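Dear colleague,

Please find below the structure that I am handing over to you.

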Amino acid sequence: MTINDRAERLPEHAPRLDWMKLAPDVYKAMIRLDTAARQGIEPTLLNLVKIRASQLNHCAFCLDMHSKDALAAGESAERIIQLGAWTESKHFYTAREIAAIALTEAITVLTDGFVPDEVYASAANEFDETELAHLIAAITTINAFNRFGVSTRMVPGHYTAAA
């Protein structure tokens, strides 16, 4: 008997609306933006960025999707689990990944109204200008997807990653 068998889970919430179906041209434009933004970014790094932004934005649907995608692509559960506490577990990541994760946080949580110079400089040290432009676009794109997900209450748990 597993822990999931011992107690009945709470019911799922219902989505507010199906934005992809109701605004298909917007959804298609977002997919095109995502495809363009990811050019030249390693899939492993892109998955970490998408997971971290989704954690910060509390987008359960995107967190479910991108964690499953990362696992299917060979990412370790340990690195995914530690991502929420990356500042205390930097040894799980490369300098390039840390720079991207820090930039993701700075762009996602704009509490100071700007990306701090030291965060940008660290990313600029690890990525050439073209890569950096694409990374910023990828971070911006996942943040937009997160906002669709949380505002429409997309339901996590049903996504299946491609093999």
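This is a predicted model: local features need pLDDT of at least 70, side-chain atom pairs count only at pLDDT 80 or more; totals for chains, interfaces and linings use all residues.

Residues are numbered from 1 along each chain as its sequence is written, and side-chain values use heavy atoms, with hydrogens and water left out.

A search of the whole structure finds 0 disulfides (a disulfide being a pair of cysteine sulfur atoms within 2.5 Å). The sulfur of Cys59 has its closest cysteine sulfur in Cys62, at 3.4 Å, which is too far for a bond. Cys59 is buried, at 1% relative accessibility (buried means under 20% relative accessible area, with a 1.4 Å probe and protein chains only). Cys62 is also buried, at 5%.

Ala53 belongs to helix α4, residues 43-56 (helices are DSSP runs of H or I, at least four residues, numbered from the N terminus). Ala53 is buried at 0% relative accessibility. Leaving aside residues up to four places away in sequence, Ala53 touches Thr104, Thr108, Ile142, Asn143 and Asn146 (contact means heavy atoms within 4.5 Å). Between Ala53 and Ile142 there are 6.9 Å, C-alpha to C-alpha, although they are 89 residues apart in sequence.

Lastly, Ala95, Arg96, Ala99, Ala102, Leu103 and Ala106 in α7 meet Val119, Ser122, Ala123 and Glu126 in α8.

Yours sincerely

Terms used: Buried means under 20% relative accessible area, exposed over 50%, partly exposed in between (1.4 Å probe, protein chains only). Helices (H or I, at least four residues) and strands (E, at least two) are DSSP runs, numbered from the N terminus.
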